[in-house]
Amino acid sequence: MVDVARGGRWRRRALLVGMTWLAACGGDTSSTGPGYDGGGAPNPFVQPTGAAFRLPAGVTVQGPMTGILAFGSAQGPCGSAESVGHALDLVRVCVTLHNATAADTVVVFPAGLILMARDTATQNGTQVVPVSVRVPAGRDTSFVYSLFCVNEHRSASSDTDTFTFGPVSDHAGLREIIALVAGKSIDDSEAAYTIQDAVWKVSDWGGLTDESRAALRALP
């Protein structure tokens with residue numbers, strides 16, 4: 001089960017890398033037309049397709065899934081919560097789950113799950129490896145879910161955003177990234193940078209390049 005509380009060293013390195021990219025968010029929007037999202041090709045994650053995601057029986061979302069300011073501090077129920085995921089904090093969401101059953105339940109968020117921002121000016125997010133969270137019987141569990149951005153030219157998440165669960169993407173390009181990183185050690189900022197760059201190739205620029213594939217294969 002992946003349930004990652006990232007240390008200060010990881011976050012400082014991610015901050016230095018990610019703030020450079022943050023400046024580019026919401027940038028060039030010159031490419032227009034159905035499905036375009038500011039990049040050089042139609043973005044398949046404007047209206048993603050795939051199997052519906054469902055929580056286990058007895059587990060529900062408590063309250064809205066609220067955005068967290070990119071690289072800022074989480075507030076409310078996530079103020080002291082652990083972070084899960086391996087991304088660069090461009091899409092961060094506070095999630096609270098309630099387990100109404102009499103047994104602890106492990107919730108698995110599959111690779112390729114899309115979290116959809118209600119505001120279409122804000123990036124949607126995805127994860128490229130499965131992430132699991134244990135929700136104790138009869139209790140709430142809050143956590144910060146950190147995801148990869150699938151809309152390069154939209155704004156990073158903020159504390160005024162809300163998110164909903166989208167589908168588990170069936171897009172071939174994203175599924176290829178998922179296959180390439182399976183079994184890799186991706187819990188550091190350099191790996192997250194490499195993966196985010198590959199995700200943007202798929203989401204905004206028409207697909208993976210051979211250079212992106214080589215970079216993903218080279219991850220330890």
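## Cores

Which residues of the largest nonpolar core touch the most other members? In this predicted model, they are V93, L97, F109, F143 and Y145, in a core of 27 residues. Strands β5 (91-99), β6 (105-109), β7 (113-117), β9 (131-135), β10 and β11 each supply at least two residues of this core. Another core, of 25 residues, lies apart from it, and F45, A87, V202 and L219 are among its members.

Not counting residues up to four places away in sequence, Y145 touches V84, V91, R92, V93, V95, F109, L113, L115, Q127 and V131.

## Overall make-up

The protein has four helices and 11 strands. Its chain runs to 220 residues, and 48% of them count as buried. Among contacts between residues at least 6 apart in sequence, 81% join residues at least 24 apart.

Q196 belongs to helix α3 and counts as buried, at 1% relative accessibility.

## Helix α2

Helix α2 covers residues 172-181, and its buried residues are G173, L174, I177, I178, L180 and V181. Seen down the helix axis, these buried residues fall within an arc of 165°, so they line one face of α2. A172 and A179, on the other side of α2, are exposed.

What do the buried residues of α2 pack against? Their partners are β7, β8 (125-126), β11, α3 (189-204) and α4 (210-217). Just after α2, G183 takes a positive phi of about 80°.

## Helix α4

Helix α4 contains S212, which is buried with a relative accessible area of 7%. Leaving aside neighbours within four places in sequence, S212 is in contact with D197, A198 and K201.

D210 and R213 form a salt bridge through their side chains, at 3.2 Å from N to O. The two residues are three apart in helix α4, and are therefore separated by about one helical turn. An α-helix has 3.6 residues a turn, so residues three or four places apart point the same way. D210 is exposed, with a relative accessible area of 61%. The salt bridges extend to E176, which is linked with D210 and R213 in a network.

How many salt bridges does the structure hold? There are five. One of them joins the side chains of D37 and R154, at 3.2 Å from N to O. D37 lies in the loop between α1 (8-22) and β1 (50-52), and R154 in the loop between β10 and β11, so the pair ties together parts that are 117 residues apart in sequence. D37 is buried, with a relative accessible area of 14%, and R154 counts as buried at 7%.

D89 forms a salt bridge with R92, and the closest N and O atoms are 3.9 Å apart. D89 counts as buried at 0% relative accessibility.

## D161

Where does D161 lie? D161 is placed in the loop between β10 (140-149) and β11 (162-169). R154, the partner of D37, is in the loop between β10 and β11 too.

D161 is buried yet has no salt bridge. The nearest side chain of opposite charge is that of R154, 9.3 Å away. A salt bridge needs a side-chain nitrogen of Lys or Arg within 4 Å of a carboxyl oxygen of Asp or Glu, which is why R154 does not count as a partner of D161. The side chain of D161 instead reaches the backbone nitrogen of S158, at 2.8 Å. Leaving aside neighbours within four places in sequence, D161 is in contact with M65, T66, G67, D119, T122 and A156.

How values were computed: Residues are numbered from 1 along each chain as its sequence is written. This is a predicted model: local features need pLDDT of at least 70, side-chain atom pairs count only at pLDDT 80 or more; totals for chains, interfaces and linings use all residues. Side-chain values use heavy atoms; hydrogens and water are left out. Buried means under 20% relative accessible area, exposed over 50%, partly exposed in between (1.4 Å probe, protein chains only). Lys and Arg count as positive and Asp and Glu as negative; His and the chain ends are not counted. A polar contact is a pair of N or O atoms within 3.5 Å; within protein, one must be able to donate a hydrogen and the other to accept it, and residues adjacent in sequence count only if both atoms are side-chain atoms. Contact means heavy atoms within 4.5 Å. A nonpolar core is a set of buried Ala, Val, Leu, Ile, Met, Phe, Trp, Tyr and Cys residues joined through side-chain atoms within 4.5 Å. The arc is that of the directions from the helix axis to the C-beta atoms.
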